[in-house]
Every structure is written in structure tokens, then in C-alpha cells.
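Please walk through this chain with the model open beside the text.

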Amino acid sequence: MLSLRPRVELSIPVAAKHVPSGGELRNVRRAVGENRTVVVFSLTDSAYHALGERLGQGNGGAALREAFEKLGVDEVFRTDCCWDDLAHAEARELLSRMNDGLPLPLLLYACPVWARAVREARPDCAPFFSGASLNAQRQGIAARARVAVRRGIAPERIAHVTVVGCPARKAALLAGGMDARVCGGEEHVLTVREVLSWLVEEGVAAPGSPKTAASAAGRRGPAGRLHDVLAHAWLIENGALPPSGFLRLEPCLELAGVTQGEVELGGKTIRAAKVRGVENAYALLSRVREGSARFDLVEALSCASGCV
């Protein structure tokens with residue numbers, strides 16, 4: 001399957017084992033200090049950009065490489081194969097729902113906080129949530145296998161750390177089952193703030209906010225997951241990647257905190273929306289249920305400033 005997300009490999013390190021909150025970072029640092037353990041980090045897009053900006057290099061790269069090397073990490077990847085798989089599954093579900101007349105809009109599981117809030121407050125919206133699930137373990141398996149082959153070592157000697165933007169995402173990944181018995185070695189999840197605290201303690205970074213306001217939308221643009229899912233839908237329908245700028249979001253004048261856009265695909269118009277803030281999401285869903293607004297695909301974030 002073609003990957004729609006940038007792949008940038010940085011020759012750097014990783015490590016982490018999921019344990020109760022507070023012990024995760026300690027276990028990663030322990031792994032870094034063990035000569036037999038190779039530590040590998042996988043950075044999500046939000047983590048990559050937030051740490052890069054915090055270190056003075058807006059798009060990561062050399063600044064991140066140098067910082068992680070000083071911490072003693074062995075290798076670092078900017079890669080999200082499990083997220084690509086999820087976007088592809090969601091794209092297939094979107095197309096299936098549209099073709100079969102099933103409930104719309106498809107609500108993406110982009111933010112654990114908003115998904116939980118909506119499910120608890122609006123159980124009538126449960127049928128709209130995507131049935132696709134994130135395979136949190138695939139990231140560690142892929143990174144570990146690549147490093148093991150390159151270095152000629154057993155996968156069990158590799159500690160893999162996934163760095164995410166927020167504690168809610170970390171909790172969701174751990175709850176999803178980061179099982180070392182399946183992955184073949186240690187599995188850990190850290191947040192950007194935990195990594196930053198480590199960098200500050202080691203004198204690699206100065207104290208301060210983990211990111212600037214400019215990074216809130218992410219370097220891939222404000223469309224985020226909407227872009228990923230619709231790009232995969234385009235690939236499924238047309239057998240090719242979509243043209244640059246195929247999805248443009250504009251503010252919705254009728255709904256606060258909502259941007260919207262349209263994509264023509266397979267003779268149908270897909271209306272997509274991105275909403276920030278749980279209350280704004282409630283308002284959008286109410287309008288949809290009333291029939292006064294129509295959307296086929298919705299991504300919502302509970303935090304207006306982004307995922308870090």
C-alpha cells in the first residue's frame with residue numbers, strides 16, 4: 001500500500017516500556033543506560049513538529065537528531081505506518097457507507113477526549129463513529145524489525161518508544177494493548193512534555209513551552225486527518241495520489257470552530273468538516289441530526305490549540 005505520509009528517517013535512538021503513569025520515562029531512561037538494549041523512538045507528526053519547533057528548528061531534522069543523540073538514543077524515526085493503516089481503513093469505511101446508504105457523517109476517532117465525551121453525552125451518535133481501530137503495536141513491530149535486520153540483533157534487545165502529543169493519546173495507546181509479548185521487546189509511550197522534561201533536565205533544551213502557537217495546525221496544514229482519509233479514498237477510487245491542494249478548508253459561517261471543504265470523488269461530492277472544541281462538536285452534531293447541516297466526514301479535536 002502506498003504511504004501518503006512523509007517518511008523521514010533520522011539516525012537517532014529509542015526506548016520505553018508501558019508501566020503506570022510516572023514510571024514510563026524512568027523506564028525509557030533505564031533502557032538508554034543499558035548497553036545491551038538498543039533504544040528506538042518513533043515520533044508522530046504532532047510530536048515531530050512540536051519538539052522541532054521547541055528546539056529552534058521548525059520542521060525537526062538536524063536539531064532533533066542532535067538532541068536525541070545527546071540523550072543516548074540509538075535511532076529515531078518519523079514514521080506513522082499504523083496511522084496510515086487506520087486512515088486507509090477509515091477511507092474504505094467512508095466509501096462503503098456512502099455507496100450503501102449507511103449512517104453519515106463518519107466520525108473519525110482522531111481525539112480520544114472528544115470521542116469519549118460524545119459517546120457519554122450523545123449515545124445516539126454512536127452509530128456514526130468509525131469502526132476502524134488503531135493497531136498501536138504495528139508501529140513498534142515495524143521499527144523493531146527494521147532496526148534488528150540492519151544491526152543484526154534479536155528484536156528482543158530493542159526497546160521501542162512512541163512519542164505522542166497528549167496524555168489522552170498515550171492512555172488510549174496503552175489501553176489498546178502495547179503487549180511486549182506480541183511486539184517482541186519493550187514497548188513504551190511518552191508524551192512530548194515528558195520528552196521535553198528529559199531534554200531540559202539534561203541541559204539539551206531550555207525550559208519553556210513545548211511548542212509555539214504557530215505549530216497548532218501542524219505542518220501538513222489544517223486539514224490533518226481529514227486530508228489523510230480523503231487522500232486514501234482518492235487513491236482507492238482513482239488508483240493514484242490526489243493532486244496537491246485537492247482539499248481546501250474554509251471557515252463555516254453558521255457554526256463556531258468549524259472549517260469545511262468539499263472533494264469530488266467517483267461522481268459524488270464528499271463534504272468534510274473539522275471542528276475544534278467539544279461544545280462546538282455537540283453543536284455540529286445537533287445540526288446534522290436536525291437536518292440543517294450535511295457532512296459526510298467529521299474530525300473533531302477537544303483542544304483548540306492542537307494535540308500538544
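**Confidence first**

In the model, pLDDT (the predictor's confidence in each residue, from 0 to 100) stays under 50 over residues 178-183. For this stretch there are 15 contacts beyond four places in sequence; a contact means heavy atoms within 4.5 Å. The mean pLDDT of the chain is 79, and 79% of the residues reach 70 or more. Over residues 1-21 the pLDDT is below 50, yet this stretch has 106 contacts beyond near neighbours in sequence. Where pLDDT is low, the predicted coordinates should not be read in detail.

Some ground rules apply. This is a predicted model, where local features need pLDDT of at least 70 and side-chain atom pairs count only at pLDDT 80 or more, while totals for chains, interfaces and linings use all residues. Residues are numbered from 1 along each chain as its sequence is written, and side-chain values use heavy atoms, with hydrogens and water left out.

**The chain as a whole**

The chain has 11 helices and 10 strands. These are DSSP runs numbered from the N terminus: helices are H or I with at least four residues, strands are E with at least two. Of the 308 residues, 54% count as buried. Buried means under 20% relative accessible area, exposed means over 50%, and partly exposed lies in between, with a 1.4 Å probe and protein chains only. Among contacts with a separation of 6 or more, 74% join residues 24 or more positions apart.

What of the cysteines? Cys125 is buried, at a relative accessible area of 1%. Cys252 is buried too, at 9%. A disulfide is a pair of cysteine sulfur atoms within 2.5 Å, and the count by this rule is zero.

**Strands and rings**

Strand β2 (residues 38-43) pairs with β3 in the parallel sense over three bridges. Two strands pair if DSSP finds at least two bridges between them. Ser42 stands opposite Phe77 in β3. In β3 (residues 75-78), Glu75 and Phe77 point one way and Val76 and Arg78 the other, and all are buried.

How many aromatic pairs does a search of the whole structure find? It finds two. Rings of Phe, Tyr and Trp (its six-membered ring) pair if their centres lie within 6.5 Å; planes under 30 degrees apart count as stacked, over 60 as edge-to-face and the rest as tilted. Phe41 and Phe68 form a tilted pair, 5.1 Å centre to centre with 55° between the planes. Phe41 sits in strand β2 and Phe68 in helix α3 (residues 62-71), 27 residues apart. Both are buried. Trp234 and Phe246 have ring centres 5.7 Å apart and planes at 70°, so this pair is edge-to-face. Trp234 lies in helix α10 (residues 225-238), and Phe246 in the loop between α10 and β7 (250-251). Both Trp234 and Phe246 are buried.

**The open sheet**

Five strands form an open sheet in the order β4-β10-β9-β8-β7, with mixed pairing. The edge strands are β4 (106-107) and β7, each pairing on one side only. Inside this order, β9 (residues 268-276) and β10 (residues 297-301) pair in the parallel sense over five bridges. There, Ala273 has Val298 in β10 as its bridge partner.
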